[in-house]
Amino acid sequence: MSGFNVLDLAKRIPDEASAYPYLEELRWGDTPVCGHCGSERVYFLTPRNGTSRKTRIGAETQRRLWKCSLCRMQFSVLTNTIMHGTKIPVRAWVFVLYEMASCKNGIAAREIERRYNVTPKSAWFMLHRIRAAMDNDGIPVLWTGTVQSDETWIGGKPSNRHGHRSGAGGQDRTDKTPVVALVNQENHGRRHGCR
């Protein structure tokens with residue numbers, strides 16, 4: 001989305017209950033998929049009171065549950081994700097994910113602790129799970145279909161260098177830093193820079 005910012009995200013997710021449909025839309029689109037077996041033959045489990053359900057320990061939760069017709073297992077949009085089994089509000093997870101993806105220099109655990117009223121241990125846990133999910137091991141999957149690339153070299157002209165720093169007349173070699181930009185067209189213009 002072009003121009004998507006934190007205010008737009010806050011409008012889309014005003015409370016904990018609206019975080020689940022938002023994540024379902026991002027993860028599944030129009031077709032929910034079983035988090036255990038991958039089947040599309042699933043159905044929504046409507047809560048008895050229509051809005052929330054009780055957990056095993058008796059607490060109220062807004063979590064939306066689905067059940068698979070094939071493997072008969074219950075699952076939610078959080079199943080097999082970095083948020084699986086979390087007690088931290090899902091709305092906070094979505095905002096922290098947004099901040100991690102949009103902040104050029106990252107974000108500190110202490111900042112997450114202050115902004116989202118979580119414990120220092122929870123903030124550290126969230127950031128480490130998100131960083132592990134953003135690890136470079138996942139990048140090759142992104143490079144499919146049409147990929148545009150561009151490159152440039154950063155550094156001064158070799159002719160402007162002193163003779164003792166680079167070959168005869170300073171024009172024999174280059175030690176400029178190459179910078180490559182790649183844009184995956186099928187992945188909504190997601191950019192990855194490589195040095």
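Helices (H or I, at least four residues) and strands (E, at least two) are DSSP runs, numbered from the N terminus. This is a predicted model, in which local features need pLDDT of at least 70 and side-chain atom pairs count only at pLDDT 80 or more, while totals for chains, interfaces and linings use all residues. Residues are numbered from 1 along each chain as its sequence is written, and side-chain values use heavy atoms, with hydrogens and water left out.

## Overall organisation

The protein chain has 6 helices and 8 strands, and along the sequence these follow the pattern α-α-β-β-β-β-β-α-α-α-α-β-β-β. Of the 195 residues in the protein chain, 29% are buried, where buried means under 20% relative accessible area, exposed over 50%, and partly exposed in between (1.4 Å probe, protein chains only). Contact means heavy atoms within 4.5 Å; among contacts in the protein chain between residues at least 6 apart in sequence, 55% join residues at least 24 apart.

The expected span of a helix is 1.5 Å times one less than its number of residues. Buried positions in α2 are S18, A19, Y20, Y22, L23, E24 and W28, and what covers them includes α1 (6-12), β4 (65-68), β5 and α3. After α2 comes G29, whose phi is positive, near 70°.

Helix α5 (residues 120-133) has 14 residues and reaches 20 Å from its first C-alpha to its last, close to the 20 Å expected at 1.5 Å a residue. Which residues of α5 are buried? They are S122, A123, M126, L127 and I130. These residues cover an arc of only 130° around the axis, which puts them on the same side of α5; the arc is that of the directions from the helix axis to the C-beta atoms. On the other side of α5, K121 and A132 are exposed, whereas the cover over the buried residues of α5 includes α3 (90-102) and α4 (109-116).

Y43 belongs to strand β1 and is partly exposed, with a relative accessible area of 32%. The C-alpha atoms of Y43 and K67 are separated by 5.5 Å, although these residues are 24 residues apart along the chain. Leaving aside its neighbours within four places in sequence, Y43 is in contact with W66, K67, S69 and R72.

V33 lies in the loop between α2 and β1 and is partly exposed, with a relative accessible area of 25%. With neighbours within four places in sequence again set aside, V33 is in contact with W28, G38, S39, E40 and F75. The W28 in this list is one of the buried residues of α2. Between V33 and S76, 43 residues apart along the chain, the C-alpha separation is 9.6 Å.

## Exposed loop positions

For T51, the C-alpha atom is separated by 9.4 Å from that of R63, 12 residues apart along the chain.

## The second largest pocket

Rolling a probe the size of a water molecule over the atoms shows where empty space is left. On a 1 Å grid over the protein atoms alone, a pocket is an open set of points where a 1.4 Å probe fits, with protein on both sides within 12 Å along at least five of seven lines, and lining residues have an atom within 4 Å of a point. The second largest pocket has a volume of about 970 Å³, a volume being the space filled by probe spheres set on the points, which are joined across faces, edges and corners. Of the 27 residues that line this pocket, the closest to its centre are T55, T61, R63, G85 and T86. The elements giving two or more residues to the lining are α2 (16-28), β2 (53-54), β3 (60-61) and β5 (74-75). By class, the lining has 10 nonpolar, 10 polar and 7 charged residues, with Ala, Val, Leu, Ile, Met, Phe, Trp, Tyr, Cys and Pro counted as nonpolar, Asp, Glu, Lys and Arg as charged, and the others, Gly among them, as polar.
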